[in-house]
Amino acid sequence: MQALANVILPVFLVIGFGYVARWRNLISDSQVDGVVWFTQTFAIPCLLFVAIARLDLGQEFNWRLLVSFYTGAVAGFALGFWGARLIFKRDWEDCVAIGFVALFSNSVLLGLPITERAYGADALAPNYAIIAVHSPICYAIGITTMELIRNRGGRLRDSAARVFSAMFRNALVIAIGLGFIVNLTGLPMPGVVDQALDMMVRAALPAALFGLGGVLYLYRPEGDLRTIGFVVALSLVVHPAITLGLSYALGLSTEAMRSAVVTAAMAPGVNAYVFANIYGRAKRVAASSVLIGTAGVIVTGWVWLQILP
């Protein structure tokens with residue numbers, strides 16, 4: 001219970017502050033949108049840029065870590081896609097959106113603070129290695145699958161152009177790419193820029209968690225409860241279970257295993273709803289899965305922390 005009280009609940013209290021503030025009309029929808037826009041467009045991209053620019057790529061980009069995490073993620077996408085089709089009889093485009101919900105863990109807003117509180121700030125390097133390729137891999141899978149299905153009978157070149165355009169308009173992908181450029185080239189950063197970036201980084205997670213609470217207030221779990229339960233189970237149970245099993249099988253270090261499993265055990269991220277909203281598909285399933293899954297992490301996250309060495 002100590003892990004629940006000391007690690008998970010403080011994170012959810014900050015989310016709760018945002019939820020209650022919106023519920024009691026202390027802030028408006030437009031103000032919530034402003035907080036989310038600031039964090040998603042500026043603060044979190046700064047955090048990812050700094051983390052990737054300073055990451056020891058040779059040491060932290062461990063193929064065993066990435067295989068353990070992303071095999072579970074891709075399995076979640078495949079199970080979500082085919083489960084939506086074969087069990088719940090959804091159309092193909094809905095299936096892609098539902099699969100994306102099971103694919104996209106909330107690696108930044110939940111994975112980072114819970115890992116940090118559980119194992120300390122020095123334990124975050126494997127998290128950043130996962131996050132460095134998280135948006136590019138997940139969006140590449142989701143957008144490519146959706147565009148191929150929507151463009152059935154069309155030219156592959158048109159689908160490829162839309163995939164490329166959608167990927168490189170994403171602020172997180174741009175920030176990660178710039179971080180890699182600085183890291184690989186050894187480009188020196190002026191001290192004043194480093195200090196400014198550090199100020200933005202300190203604001204990123206608290207503001208993002210507060211904004212997430214405000215956003216979750218807008219989501220209502222209505223209908224599709226069997227589909228939502230299925231997707232949440234894939235996110236909170238199946239993905240981390242596959243990751244844990246592969247971590248042991250591949251001989252992953254304890255530190256890397258912790259980061260991989262904790263990140264895999266996080267609820268679907270808000271980007272899952274953003275993806276569904278972009279394509280206008282399975283929006284209720286995506287929104288409600290984010291809400292219910294985030295609440296579920298209070299219990300399942302504690303369980304996974306007890307299981308991990």
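Predicted model: local features only at pLDDT ≥ 70, side-chain atom pairs only at ≥ 80, totals over all residues.
1. Overall make-up. The chain holds 14 helices and zero strands.

2. Burial and surface. The chain has 309 residues, and 51% of them count as buried. Its accessible surface is about 13500 Å², with 64% of that belonging to carbon and sulfur atoms.

3. Contacts along the chain. Among contacts with a separation of 6 or more, 84% are made by residues 24 or more positions apart.

4. The second largest pocket. This pocket contains about 410 Å³ of space. It is lined by 17 residues, and those closest to its centre are Leu 47, Ala 51, Leu 124, Tyr 128 and Val 201. Helix H2 (29-54), helix H6 (107-119), helix H7 (125-150) and helix H10 (191-217) are the elements that each give two or more residues to the lining. The largest share, five residues, comes from H10.

5. The residues lining the second largest pocket comprise twelve nonpolar and five charged ones, with no polar residues.

6. Asp 94. This residue is in helix H5 (residues 92-103). Asp 94 counts as buried because its relative accessibility is 10%, and the limit for buried is under 20%. Apart from neighbours within four places in sequence, Asp 94 is in contact with Arg 281 and Ala 282. With Ala 282, a polar atom of the Asp 94 side chain lies 3.5 Å from the backbone nitrogen.

Definitions and conventions
Residues numbered from 1 in each chain as written. Heavy atoms only, no water. 1 Å grid on protein atoms, 1.4 Å probe; cavity = no way out; pocket = protein on both sides within 12 Å on 5 of 7 lines; lining within 4 Å. Points joined across faces, edges and corners; volume = space filled by probe spheres on them. Helix = DSSP H or I, 4+ residues; strand = E, 2+ residues; numbered from the N terminus. Nonpolar A, V, L, I, M, F, W, Y, C, P; charged D, E, K, R; others polar. Buried < 20%, exposed > 50% of the residue type's maximum accessible area, 1.4 Å probe, protein only. Polar contact = N/O pair within 3.5 Å; in protein donor to acceptor, adjacent residues only side chain to side chain. Contact = heavy atoms within 4.5 Å. Areas by Shrake-Rupley, 256 points an atom, 1.4 Å probe, with all protein chains shown as cover.
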